[in-house]
There are 2 protein chains.
Amino acid sequence: MSSTVGVPRETNAGERRVALVPKVVERLCARGVRVVVESGAGLGALIPDASYAEAGAKIGDPWSADVVVKVTPPTAEEIGRLSSGATLIGFLAPLTSPETVTALRDAGVTAFAMESIPRISRAQSMDALSSQATVAGYRAALLAAEHSTRFFPMLTTAAGTVKPATVLVLGVGVAGLQALATAKRLGARTTGYDVRPEVADQVRSVGAQWLDLGIAAVGEGGYARELTEDERAEQQQRLEEAVTGFDAVITTALVPGRRAPTLVTAQAVEGMRPGSVVVDLAGESGGNCELTEPGEVAVRHDVTIVSPLNLPATMPEHASELYARNVLALLELMLDDAGTVAPDWTDEILATSCVTRTEGDG
Amino acid sequence: MSSTVGVPRETNAGERRVALVPKVVERLCARGVRVVVESGAGLGALIPDASYAEAGAKIGDPWSADVVVKVTPPTAEEIGRLSSGATLIGFLAPLTSPETVTALRDAGVTAFAMESIPRISRAQSMDALSSQATVAGYRAALLAAEHSTRFFPMLTTAAGTVKPATVLVLGVGVAGLQALATAKRLGARTTGYDVRPEVADQVRSVGAQWLDLGIAAVGEGGYARELTEDERAEQQQRLEEAVTGFDAVITTALVPGRRAPTLVTAQAVEGMRPGSVVVDLAGESGGNCELTEPGEVAVRHDVTIVSPLNLPATMPEHASELYARNVLALLELMLDDAGTVAPDWTDEILATSCVTRTEGDG
């Protein structure tokens with residue numbers, strides 16, 4: 001018999017995303033899968049129940065489904081509502097919250113963590129970290145424009161010209177590139193910096209200049225390695241000098257499992273022109289700016305420091321749509337012709353992203 | 001002896017602009033004018049006192065200056081602080097708040113209203129209505145993007161493509177054109193509509209489509225005439241059909257001295273796709289959208305309706321800079337070689353923008 005996929009309403013404070021959107025529900029239904037959506041699951045994304053129903057979903061209790069799909073990690077109470085033998089798919093934070101994985105194992109749940117999908121080309125369509133980082137980068141550039149006391153584009157008026165804003169992005173992964181592209185679209189002059197010199201070409205490909213501080217730190221898995229003490233001191237000093245010249249600085253530098261590196265010191269902020277902006281996307285990991293207050297907008301030395309948390313939730317429909325497509329791609333890897341979830345455990349993607357598995361399963 | 005120009009701190013709630021910025025202070029000082037800036041006048045725009053001092057201003061009491069420059073109309077208390085024989089320059093709302101002009105006359109003040117500067121080419125550099133509308137239009141597009149649950153640009157990801165947002169601007173004056181240009185920069189597909197068909201070329205010049213509803217209301221001298229009842233009903237119906245197809249609608253339609261026309265009915269909002277956005281720039285005059293709550297963000301029929309008030313104040317540094325340049329151009333028309341304000345009352349610009357004048361002056 002075909003499997004049932006359940007979509008609960010997300011319960012985290014401020015979370016407006018939902019794991020599936022109507023378009024993706026339609027695709028699953030076409031594969032023979034039955035979809036049950038909790039009433040109000042799309043509310044935060046302004047997607048009414050009726051849109052899910054039109055797409056073929058039943059509105060009802062999602063927790064008794066064979067496969068439950070979520071965005072954020074389940075609470076202990078939510079884990080309690082999962083049946084033994086059920087499958088859960090979602091961001092599960094396996095590295096930072098191993099207790100969630102333990103609780104899922106104890107509950108007899110087979111769980112796939114979206115974060116653990118290997119970064120191989122066949123799995124690109126399932127890469128939810130990247131899709132959500134794209135949203136975060138776009139929103140970060142909008143936030144920088146919103147909190148700026150200045151125009152981003154050049155302006156020619158009868159009373160004279162306004163120069164375009166200058167925007168520096170520190171840490172050029174998926175989010176950083178999207179921030180650069182968006183700031184450029186808005187008319188700003190953009191510059192990117194990363195400790196991995198090989199991203200310079202990507203930075204240039206979105207119309208930005210590459211800031212060369214003369215320090216390289218290429219690490220494993222596409223992330224940066226940690227810098228030595230001397231390198232760090234030199235980087236800090238050169239960055240401090242560079243940062244002060246920009247109207248807006250967007251930081252996105254993360255080192256997995258560690259506190260985010262400090263890239264913008266209090267002194268650098270003090271050196272910035274009054275009215276400038278720092279948007280710090282690393283607030284959840286302590287921040288890239290020394291003066292960041294996670295989740296807050298602070299004005300220090302006449303500079304506005306914005307530290308948004310969970311930016312993808314601020315653009316809930318498309319963030320959900322991209323996430324849902326990632327989930328769909330993963331589900332499609334598990335579905336047989338009858339619309340039943342039947343994972344092939346020899347598949348590298350499934351084996352790697354599965355963080356806990358029902359005993360005897362497969 | 002050269003004149004003194006005073007710059008008070010604006011006191012209206014939410015007002016972050018200031019009438020002069022340091023760059024313009026420098027220009028005035030170079031002309032021999034003495035400038036006195038109230039401590040904290042630039043605070044809202046994140047311009048510290050020190051920047052004014054560096055530009056040559058004295059930090060002190062601005063109210064005893066020969067010429068006081070403001071952004072918003074003075075309160076009764078502020079009028080009381082002006083000396084008899086002083087000059088005041090600012091937005092004075094002479095049409096909607098004639099009592100301000102009366103109080104200024106009674107206080108023996110010569111006052112120039114920035115709104116009353118004639119729209120002739122020689123006065124373009126003084127056109128503060130246009131410069132502030134430019135800011136409002138830019139911010140309106142940013143607000144639409146911020147409140148949208150969707151991306152404005154097209155996005156190509158490994159999991160598929162996201163279509164660009166469609167943005168409709170109703171009322172294409174200075175603000176509307178800037179909103180179109182900004183939404184286009186962000187990657188949206190843009191469309192403009194106005195009852196004056198001659199602005200179609202301007203709409204196309206910023207990369208937008210022209211929405212032709214087949215109703216023209218060309219009045220005399222290039223202004224719009226009022227529509228007949230039948231024309232209005234037809235416009236409403238055709239607009240209602242058109243509006244529902246857009247991800248974001250930005251409205252800017254104002255008729256001087258009247259309530260803003262209703263362009264987006266409750267029914268049109270109900271017909272929009274859930275998650276769409278209306279940004280209504282006419283909130284201060286009652287709104288162009290029937291469901292607008294001035295100053296609020298409301299969600300109705302799963303559509304977000306944003307009605308910002310005083311948008312120029314949300315980008316205070318550049319809004320102030322443009323305004324200050326407008327004021328500077330007006331002041332330069334009055335300054336003699338010694339840096340003394342000595343208006344030539346035969347000048348059309350000065351005669352027209354002066355709303356009350358000290359008896360026997362000139």
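**View 1. The contact between chain B and chain A.** The contact draws 47 residues from chain B and 47 residues from chain A, where contact means heavy atoms within 4.5 Å. The model is predicted, so local features need pLDDT of at least 70 and side-chain atom pairs count only at pLDDT 80 or more, while totals for chains, interfaces and linings use all residues; side-chain values use heavy atoms, with hydrogens and water left out. Residues are numbered from 1 along each chain as its sequence is written, and chains are lettered from A and ligands numbered from 1 in the order in which they are written. Between them, chain B and chain A bury about 3900 Å², of which 62% is on carbon and sulfur atoms; buried area is the accessible area (1.4 Å probe) that two parts lose on being put together, summed over both. On the chain B side, B:Leu46, B:Phe151 and B:Arg185 lose the most area to chain A, together 18% of what that side buries.

View 2. The rule finds 4 salt bridges across the interface of chain B and chain A, a salt bridge being a side-chain nitrogen of Lys or Arg within 4 Å of a carboxyl oxygen of Asp or Glu. A:Glu317 and B:Arg273 meet through their side chains in a salt bridge (3.4 Å, N to O). The side of chain B that touches chain A receives at least two residues from each of α5 (128–147), β7 (155–157), β8 (160–162), α6 (174–185) and α10 (316–334) of chain B. Helices (H or I, at least four residues) and strands (E, at least two) are DSSP runs, numbered from the N terminus. The largest share of that side, 7 residues, comes from α5(B).

View 3. A search of the whole structure finds 8 aromatic pairs over all chains. Rings of Phe, Tyr and Trp (its six-membered ring) pair if their centres lie within 6.5 Å; planes under 30 degrees apart count as stacked, over 60 as edge-to-face and the rest as tilted. The rings of A:Tyr138 and B:Phe151 are tilted, because their centres are 4.9 Å apart and their planes stand at 50°. The pair joins two chains, because A:Tyr138 lies in helix α5 (residues 128–147) of chain A and B:Phe151 in the loop between α5 and β7 of chain B. A:Tyr138 is buried at a relative accessible area of 0%, and B:Phe151 is buried at 0% relative accessibility; buried means under 20% relative accessible area, exposed over 50%, and partly exposed in between (1.4 Å probe, protein chains only).

**View 4. An aromatic pair within chain B.** With centres 5.3 Å apart and planes at 40°, the rings of B:Phe91 and B:Tyr323 form a tilted pair. This pair links distant parts of the chain, 232 residues apart: B:Phe91 in the loop between β5 (87–90) and α4 (98–106) of chain B, and B:Tyr323 in helix α10 of chain B. B:Phe91 counts as buried at 11% relative accessibility, and B:Tyr323 is buried at 1%.

**View 5. Salt bridges within chain A.** Over all chains, a search of the whole structure finds 30 salt bridges. A:Asp127, buried at 16% relative accessible area, forms a salt bridge with A:Arg119 (3.6 Å, N to O), and A:Arg119 is exposed at 52%. In another salt bridge, the closest N and O atoms of A:Asp201 and A:Arg204 are 3.4 Å apart. Both residues lie in helix α7 (residues 200–205) of chain A, 3 residues apart, about one turn of the helix.
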